[in-house]
Structures are given as structure tokens and as C-alpha cells.
Amino acid sequence: MYLANRKCACIAALLLAFTCASPAQNFTEYVIPTTDSQPFSIVTGQDGALWFTEWVGNKIGRVTTDGIFTEYPLPNPDSAPIWIKRGPDGALWFTEQTGNRIGRITTHGEIAEYALPTPGSRPWNLNVGPDGAFWFTEKGSRQIGRITTGGALTEYAVPLTPWDIAAGPDGALWYTERGSDQVARMTTAGVVTNQYIVPTPKGAPDMIIAGPDVAMWFTEQFGTKLARLTTAGVLTEYPVPTPHSQPGGIAIGPDGAIWFTEHTGNKIGRFPQSEVFTEYVVPTVNSDPMVIEPGPDGALWFTEFYGNKIGRITVPE
């Protein structure tokens with residue numbers, strides 16, 4: 001199970017030809033008030049603070065760039081909020097994995113929830129699509145869902161179980177199929193037009209984003225790679241230096257580089273256009289860095305799933 005308790009076995013990084021050693025880096029970590037909340041996703045809100053989900057804490061958290069926390073309990077117990085994103089309406093939208101709902105919270109803490117039509121759909125990630133609506137994956141029902149900011153819901157059946165989803169530079173949706181080692185493209189009409197097989201067997205394509213280079217980038221958790229997929233279907237893989245580090249969260253930094261988390265490696269990685277990896281060890285041991293996002297202050301912010309912290313790392317000059 002993806003969120004099962006993983007015992008971290010940190011292995012020293014192999015300094016390959018395309019790898020540079022990590023310099024000293026400025027980390028700051030903030031302890032979440034709720035014990036063992038297991039923070040998962042994080043995003044910058046319209047109010048200039050960071051908003052995050054507490055998977056076990058059953059709350060939506062907010063932290064300022066000064067480290068001041070506010071937490072908002074969800075109306076229903078055991079909802080398991082997992083992913084959170086900023087909407088075009090200025091609110092924060094999130095998925096409730098076991099609650100089977102899509103949630104919305106304003107920057108003032110007002111919460112609304114929308115029940116999904118399919119029982120047991122287990123919504124996972126969501127992102128704003130090219131049509132201004134939110135698109136999300138349903139791991140439990142093999143569907144892709146769409147919800148407008150007014151709460152109108154539509155579901156589309158897809159060939160294989162979807163995992164992560166993001167809008168592409170071509171006006172379509174791109175999503176990973178973790179169990180089948182594929183990445184698929186779907187139009188906003190709900191039609192899957194292409195499926196691309198990842199070269200690494202059992203690579204487990206995980207989180208996906210549109211990169212700064214008119215291509216899609218994703219992590220391969222068990223393949224221990226970053227991958228780049230053009231809209232024409234050309235796929236390139238880049239091995240992450242630390243073996244078995246399980247790369248997961250991925251984001252574009254303010255420096256234009258690809259930044260990513262390494263779950264069991266307990267590191268934050270950076271991959272610029274020069275294609276030279278740098279890895280930074282998170283100060284808290286076995287913290288399991290999960291999702292990473294650029295913050296309003298020019299730094300990268302990330303969740304520490306087992307460390308029960310929100311981390312911050314500055315961008316190298």
C-alpha cells in the first residue's frame with residue numbers, strides 16, 4: 001500500500017558522472033500542532049500562506065511563512081484528506097480519500113463538501129484543467145472526475161486505474177497509471193487518446209506535472225527515476241543518484257529546475273536543465289518528504305509525512 005508504514009533504509013548516494021554532491025543547504029522545519037497528523041499535500045494559497053492536508057489528523061492546515069499554524073477540522077470523521085490545490089476561485093480544493101468527497105475551503109476557513117456519485121471511488125489527486133474546472137483521479141472506480149467551482153460533477157471511465165493527473169501544454173489532461181506502468185492523455189471531452197508505456201518495468205509512474213519545456217515530467221517511485229514525456233510521445237528517463245530512494249512529489253522551482261522528494265531516501269532532489277542532479281538530506285531522520293511546492297517567498301515547501309512537519313528549503317543562488 002502506497003501509504004503503508006515504510007521503514008526507511010537510507011543508502012548513500014552514488015556519485016555518478018551526471019551527479020554532483022549536495023552542498024550545505026538552508027532547511028527550516030516547523031512542527032505541526034496535531035501529533036502524528038501525517039501531512040501529505042501542500043500548496044500556496046491566495047492569502048500568501050501554505051495550505052496542507054493532514055491525512056490522519058483529518059484536518060486542513062495552514063502555515064504562514066513565519067511558521068504560524070492554524071488547523072481546520074473536517075466536518076466528517078476519517079475523511080482522509082489527501083491532495084490540495086488552489087482553485088481559480090481563490091479557494092483551496094482537496095480530495096477526501098475515504099470520505100469519497102471533494103472538499104473546498106476558503107482562506108477564512110469555511111468548508112464545503114461535494115459527495116462523489118460513485119461509492120468507494122477513493123479520489124486521489126486533483127488539478128485545474130485547461131477548461132477551468134478541477135479534474136481528479138478515482139483510484140477505486142477506474143474513473144477520472146471533473147468538478148466545476150460551482151460543484152457540478154461528471155465522471156469518465158478510463159481503461160486503467162488512474163493515479164496522478166495534470167493539465168498539459170497541449171490543452172489535454174495527462175495522468176499516470178501507476179499499476180500498469182503507463183502515462184495516458186485524455187481530452188477535456190473525456191476521451192483517452194494515447195497511452196505510453198514507461199520503459200522501466202514496475203517503475204510505478206507516480207506524480208506528474210507540466211514542465212518548463214513544453215513536456216510532461218513525472219517521477220517513477222520504484223524505478224527511482226525522473227522521466228520526461230513530450231506531447232509527441234517521446235519518453236526519456238533520468239536515474240536518480242540515490243538507489244531505491246522512491247522519488248515522489250515533483251514541482252518546478254522558481255529557478256526553473258525540477259525539484260522532487262525522495263521518500264525513503266529522505267532527501268530533496270533538484271534537476272536543472274544542465275541535467276546534473278543535486279540532493280539535499282532532510283534534517284529530520286526518516287521524515288518521508290512527500291509533496292513539494294514553490295512557496296510565496298521564493299523557497300520550496302514540502303510535507304514530512306512521518307516527521308509530522310512542514311519543511312522549507314531555499315533555492316541555491
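So, which loop holds threonine 224? In this predicted model, threonine 224 sits between strand S19 (215-220) and strand S20 (225-230). And is threonine 224 buried or exposed? Its relative accessibility is 9%, and the cut-off for buried is under 20%, so threonine 224 counts as buried. As for what surrounds it, skip the neighbours within four places in sequence, and you find threonine 224 in contact with Tyr238, Pro239, Val240, Thr242, Pro243, His244, Ser245 and Pro247.

Okay, on to the nonpolar cores. The largest one has 39 residues, and the members that touch the most others are Phe40, Trp83, Leu226, Phe271 and Ile310.

Most residues other than glycine have a negative phi. Here are two residues to look at with that in mind. Arginine 142 has a positive phi, near 55°, and it belongs to the loop between S11 and strand S12 (143-147). With a relative accessible area of 40%, arginine 142 is partly exposed. Lysine 202 isn't a glycine either, and its phi is positive at about 55°. You'll find lysine 202 in the loop that links strand S17 (192-197) and S18. Why do we call lysine 202 exposed? Because its relative accessibility is 69%, and exposed means over 50%.

That's my bit, thanks.

Key:
Residues numbered from 1 in each chain as written. Predicted model: local features only at pLDDT ≥ 70, side-chain atom pairs only at ≥ 80, totals over all residues. Heavy atoms only, no water. Core = buried A, V, L, I, M, F, W, Y, C linked by side-chain atoms within 4.5 Å. Buried < 20%, exposed > 50% of the residue type's maximum accessible area, 1.4 Å probe, protein only. Helix = DSSP H or I, 4+ residues; strand = E, 2+ residues; numbered from the N terminus. Contact = heavy atoms within 4.5 Å.
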